[in-house]
Amino acid sequence: MKLPRWIRISSAVTHFPSKSRSFDRSPNKHMFMQDVHQGFMPYMRHSGESATFAARFVGPSDQVQQAGQVCRSIVRESYVDNDELIASTFREIASLISWEGEAYFEIITDADTGKHSLRNFSRRRLARLPFLYFQFVPSKDRESMRAPAVVVLPRSTIWNIGVPFSLGGAFGYRRTLRKIGRYDTISPKFWRNALLEGNELPRTDVSEYRGNAIAYIRKITRRWGWNMRDFGQELSTEYFTFYRYIKRHRAHAILRDHIECKLVALFGRLGLSVSIEMDGLPSVSDCDTALSLMQSGEIGFAEVSERLSND
Amino acid sequence: MVSPVYMRLAQFRRFWEARQRLLRLNFSFLRTAFGLRRAYDEELLNARTLGSLASATIRQVVLAVAFAGLFQFVDPILLPFYKYYGISVPDDGDYATWLATTAGIGGVFIALYYASVSTVAASMYSTVPNNVRALLARERVGNTYMRFLAILTFVCVCLLGFRLLGFPRVTLVIPLVVVATGIGIIGFVKLGQRTFDLFDRTSLARTLFYELQRIVISVKVGGQQWNDANFQNHSNRLAATILDTIEAVFRIAGAEGTTKNDPLRELSSMSLRFLGEYQRAKALIPHTSKWYEKKFVHPDWYRTSDSTTSFAHQMGGVLQPKVDLNRRWVEERLLSSALGNIEANIKAGRFTDIQSLLISLDAYVKDLGATGDISQGMQLVDTVAKRIFAQITEGEPPSLTDENVELLGLADSLGSLPITLMLSLVGALPQLDRKDVEVKLAQIKWNVAGDIYRQGFALPTISRLEYLQDRLRFEKRCEGTVVTPVWYQSELLILALTQNARESIVTLGERAIQVYSEWCETLEANKRPWLRAALICRKEEYLNKLYVHLTKFETTWIAMEQSRKIDGLGWSVLDFDELREKLDAATSAMYSEMATTGTILSFSDRSDAYPDYGGKFLHTCGEAIIDYACVNNAKAVSEIFSLYFLSSFKMFEKLRPTATDVDWRAQSELKVALAPVLDAIEVSGYLILLSEFFENDELWKNANEVWSTYLADGNSDEKANWLNSAIGISGAAMEIPHRAMIRSGWSSRVGSVVGANAELDSYRGESSEENAHKSELVRVVRSGRTFFLDGTAVFGATFLQDLLKDGVDRPSKVENFLRQLNKQLEQT
């Protein structure tokens, strides 16, 4: 059966240039998205070998090779070292998740070799049905992306991963992002504009506003333990800073576990009996232990920092 | 918790405008409530004043009523008598007359009172500043009385008016008006007497301090609107005006050139009393309260954040000054007034006033110490003392016998102030207990305004508590609960407490001693040995007490150190061993000062009006020489001994009986007089023994030179014989010599060092290794054959032995010691 020209099956459109967002002016939102994946996995190529980190695929060697290939297709680089490959894969997935709270990949299987690779595509303009996904391509992008109006994607060819539920899920994450970007933490916008234009200002307690705005952002990001990159003691005690520091590491550990779990499940879907093992990174229980010991005063801040260090 | 609604609304200009209007409305409401409350308090006070006026006049009123009752009783009996003599009984019309008379009396009194006050104002207050004159208008008792009288007069006028309008007579008012008129008339007499007090232009200052106290209560936690910056500002302005008036009153009082300035003394005393109460109240006033005087501090350009400097650069201006708070503004102003007349008082010879000031200062210093402000206390004490000493030492010094006894009292009082400071810190030590801090912290409700001040924390922790409160509230807004545990909170408070404790202990261990030395040097340079002696006595007391309490400070400090949980908090370090070394050096220097001053004083005849500092110093130096010799400190011994020797012989000359009789009384007096010389001989004997024991010739070298110089001057044989006789007198049979108890104490201390009577105690042989010592002298002492270690015997058998000619009888104890020594030499 020949399909009409405006529809095509498989081969998802990666992105829609006409719908690309302009530069997001909210520095807090930008920082938060960066911090979801930064410091999440150790960098090995640029900052030298990590003293403790080690990662490997476990399984039959041919299947391990295939799993490596799948990961290389995600990071779009040809790493040889498994430590670096796994770290980069995790980082890349986390980075993609940080934009929209979830990431979609199309599984592409080479007809000749039977090898699999993944290709990331935008979750925008995607309708999800039980067995099929529909991607609606804007008219402006059809020519440039060489795509018809609708791309039908069988669910079996799609792999998606989102923020784990314990961190609010994909929907919760997007809501958090919206809230972070909604307000300026320095002053209300009208106040800044009025100041620039030299207009008369009502008595505005900017320091109170600032304190409330920061507390608001920290409240909505408390699951992530985000400190807004502030390690000073202007607003909080050193203890509270370290409390959030542990919470941040805990959130990273949850996200790592989630990605690992989802990747292993993907390998299973692809017929690969491969698992991933990682050493030298703090686990959720490590974070909980550190928090409990810090709360009882048995360990100091230096030791907390040492215990949760990724390097 | 942070409300999303707040965040949403805060983006709109209308929200801030509405909020500003609401704040204004709220402020107007609070201002009205504040005014009403003030008015209520004022009326309550007036009512109390009226009550006290009524109670002061009640006896007279009762007497008057009793007389009236008697007349009422007697009046019907006298009716036939009136009729007989034709005296008419008053009719209803008299009622009106009587009321009119009462009203007239009221009017006259009002006029008279203001006439008298105007006279006072014209004669005494015409030349004073307006704010002082305003005090007269605010005089509470007179004003209350006038209001009462005015109401009474007007009530009578009203009753008359009603009667004229045809209303019936009100029988009830008759007794009431009678009583009220009684209070009015008799109260006027009392008030008339009080008017004379108004001639003292400082008599109204008490009202000012009362006002100041009320303001402090209002800015303390729990005061009306204590947490509102507008009200804090208002209180600051009110207090500043009152302080201006107090300063003016001080200036007026200071200008009075009388020999005894009671008003000034009373004012100074009130100021310091108020400051003591204020110091305690400060722990209940927020550190950031606008009650404290604002001062502007201009920041460094290169220490300011980039955004601020960039903004200032773009705008083309300088950096905006930061507002800092002067938390000692009340103290600075009041102290400058209270202490402003020290020089004038000393110049005018008003030493009693200064003494009274020092008593008040002592109480204030105690409050400063108890609230942890030791360094401020020490600075205040030093400033006052230096001003007093500078004034005292102006001009020619008096002769040794002409020193003013009152000045001695002043020096003594000044010397006691650092002791008060130290003892107040000892009293405040329980505040440094971690458990206590944790219990209090656990009770704080961080979201309740003012709860941090109500737990009784020490003043140095208040700013840290406020710091914690801001941050814990922030935590609660972020996490919904306070995350920082109590142990960490207590860690921060203990940090503040230890920093303050360190500063306090260092002030007491270093600064206070330096201050004493500086005072002594000033007095020495100005040739005032009596005053210096008084200070040295206090210094000795201070050092002794500090030695004792340093152990307590150390115990508390170690307990705090051991309970720390975080190492990297910038904990204060305090080396108690180093502090003790400094105290030892200060003590040694003090003994030298004692020896010098004691020697100077020994050259004059002491009147009974002066304490015997010379005698005390001589005794203390003897004890010090023994102490230093027992630890082989030859340098310290040599610094004191020569002066000690000189003072001992001077003391003998002073005590020597003048009578030429040789009866038992004269002999007894002579034995007492010889005591200082015998002390010097005993001390020297121990120096000889200990120098051999420690094999340190330096220990005896200086003393040997002093004795040799003494004997070489004049007839040495005669002097040696005299010393021999003196030793003999001290050892007469069946007699306990004068100061024997003290010397036996020395014997015991030296004996325990050299191991005297070791053989006797343990029945060991003479050749025992433990007893073996190079020195025969030490071996004799250890052998126990001399029974009691006696320094005079050692001196007689060694140093004096070579100077006495053969055939001279030696005292039995010397003979005995010599025999044992020779025996030991033969054995060697």
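Guide: A polar contact is a pair of N or O atoms within 3.5 Å; within protein, one must be able to donate a hydrogen and the other to accept it, and residues adjacent in sequence count only if both atoms are side-chain atoms. By that rule, 10 residue pairs (both at pLDDT 80 or more) are in polar contact between chain B and chain A. This is a predicted model, in which local features need pLDDT of at least 70 and side-chain atom pairs count only at pLDDT 80 or more, while totals for chains, interfaces and linings use all residues. Side-chain values use heavy atoms, with hydrogens and water left out.

Visitor: What makes the meeting of Glu479(B) and Arg244(A) a salt bridge?

Guide: A salt bridge requires a side-chain nitrogen of Lys or Arg within 4 Å of a carboxyl oxygen of Asp or Glu. The side chains of Glu479(B) and Arg244(A) meet at 2.6 Å, N to O, and therefore qualify. The count between chain B and chain A is two salt bridges.

Visitor: Why is α14(B) called roughly parallel to α18(B)?

Guide: Angles under 35 degrees count as roughly parallel, over 145 as roughly antiparallel, 65 to 115 as roughly perpendicular and the rest as oblique. The axes of α14 (residues 374-392) and α18 (residues 486-525) of chain B come within 10 Å and cross at roughly 5°, which means that α14(B) is roughly parallel to α18(B). Their contact (heavy atoms within 4.5 Å) involves residues including Phe389(B) of α14(B) and Trp519(B) of α18(B).

Notes:
Residues are numbered from 1 along each chain as its sequence is written. Chains are lettered from A and ligands numbered from 1 in the order in which they are written. Axes are lines fitted to C-alpha atoms, for helices over the stretch in contact, and angles run from 0 to 180 degrees between N-to-C directions. Helices (H or I, at least four residues) and strands (E, at least two) are DSSP runs, numbered from the N terminus.
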